[in-house]
Amino acid sequence: MRLLRSSLMLLPALALVSLAISPSAGASTATHTATHTSKEARAAAAARVALEHLKIGSPQHGGHVIHVGGQTQVGSFNWAGYADDNTASNTYSKITGKWKEPSIVCNTNEDQLAVFWVGIDGFSSSTVEQDGTLAQCFEGSVFYDTWWEMFPSNSIQVVGTTVAPGDQIAASVIKTSTNYKLTVTDSTIPANSFTTTQSCAAATCVDTSAEWIAEAPSGPRGEFPLPNFGTWSLTAATVKSGATIGKISSFPDDEITMIDGSQSYALATPGNLNATGNAFKVTWNDSF
């Protein structure tokens, strides 16, 4: 996380002269800066603890299923985006996507979370092999991270903690035999990038879907409210099924809208696929 600059950086020259001849004023400024830094450090540490039991996983489907042309439109209580499914007996071995990290707005001290990811499995199965970025409002402070998860065998694994709005992100999941190579690249701040290889038995991870998702994740007390992320723009989507490397529209695809618990309105809405079939936008509408 980036620390705020010392208040000394913002003072005019006359004030700096005054501080130079006033030890008590200088000591007061240093104490204030140290206190502020300590507060931010405590908030960052507490925010990381809050993520330890976070689960990012399968969708909680809700609402009506609507078929429009060759596409299925479904409602979910925690997902928004697109998924390629198994209705034509497809299985998937590679998925990629790129995005610019959205900036979230934290209007209150309420804890809120949004995650943006690509993955294999989950739409119609009980596992998800996934990675991406996370945006968190915690007690009025904002944090951004990179992460991966093999749901449900482990909780989210946070890797990079210095992601910032506007960072250029690329994420992928590649399956070889029973291994899954999970990669997130932050080309703006490379320290947030990672690659890890995890295993999952073929009988457990069945590879029957591929997803590009904005999600409201769950913790010990249920789903977190969704922070205002404006628009998440997913681009450069590719997916492989068998020997065919295609895009979202190359295989049976599902448009997923995140809806509230009463199924009365949308929390996050995906737009149409672009003309190429490899990009779309998800727009935030409401928190819960």
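Visitor: How many bridges join strand E4 to E9, and do they run parallel or antiparallel?

Guide: Strands here are DSSP runs of at least two residues, numbered from the N terminus, and two of them pair if DSSP finds at least two bridges between them. Strand E4 (residues 94–100) and E9 run antiparallel and are joined by seven bridges. Gly-97 stands opposite Ala-171 in E9. This is a predicted model, in which local features need pLDDT of at least 70, side-chain atom pairs count only at pLDDT 80 or more, and totals for chains, interfaces and linings use all residues. Residues are numbered from 1 along each chain as its sequence is written, and side-chain values use heavy atoms, with hydrogens and water left out.

Visitor: Which residue in E10 is the bridge partner of Lys-175?

Guide: In a regular strand, side chains alternate between the two faces of the sheet. The partner of Lys-175 in E10 is Tyr-180. E9 and strand E10 (residues 179–186) pair in the antiparallel sense over eight bridges. Two residues lie between the strands of this hairpin, and Ser-177 takes a positive phi near 60°.

Visitor: With which residue does Lys-175 form a salt bridge?

Guide: A salt bridge requires a side-chain nitrogen of Lys or Arg within 4 Å of a carboxyl oxygen of Asp or Glu. Lys-175 forms one with Asp-207, and their closest N and O atoms are 2.4 Å apart. The pair links distant parts of the chain, 32 residues apart: Lys-175 is in strand E9 (residues 168–176), Asp-207 in the loop between strand E11 (194–199) and strand E12 (210–215). A search of the whole structure finds one salt bridge.

Visitor: Is Asp-207 buried or exposed?

Guide: Buried means under 20% relative accessible area, exposed over 50%, and partly exposed in between, using a 1.4 Å probe and protein chains only. Asp-207 is buried at 5%, whereas Lys-175 is partly exposed at 22%.

Visitor: How many aromatic pairs does the structure hold?

Guide: A pair of aromatic rings is described by the distance of the centres and the angle of the planes. Rings of Phe, Tyr and Trp (its six-membered ring) pair if their centres lie within 6.5 Å; planes under 30 degrees apart count as stacked, over 60 as edge-to-face and the rest as tilted. The structure holds seven such pairs. One of them is edge-to-face: the rings of Tyr-92 and Phe-251 have centres 5.8 Å apart and planes at 85°. Tyr-92 is buried at 2%, and Phe-251 is buried at 9%. The rings of Phe-116 and Trp-232, with centres 5.4 Å apart and planes at 35°, are tilted.

Note on methods:
Helices (H or I, at least four residues) and strands (E, at least two) are DSSP runs, numbered from the N terminus.
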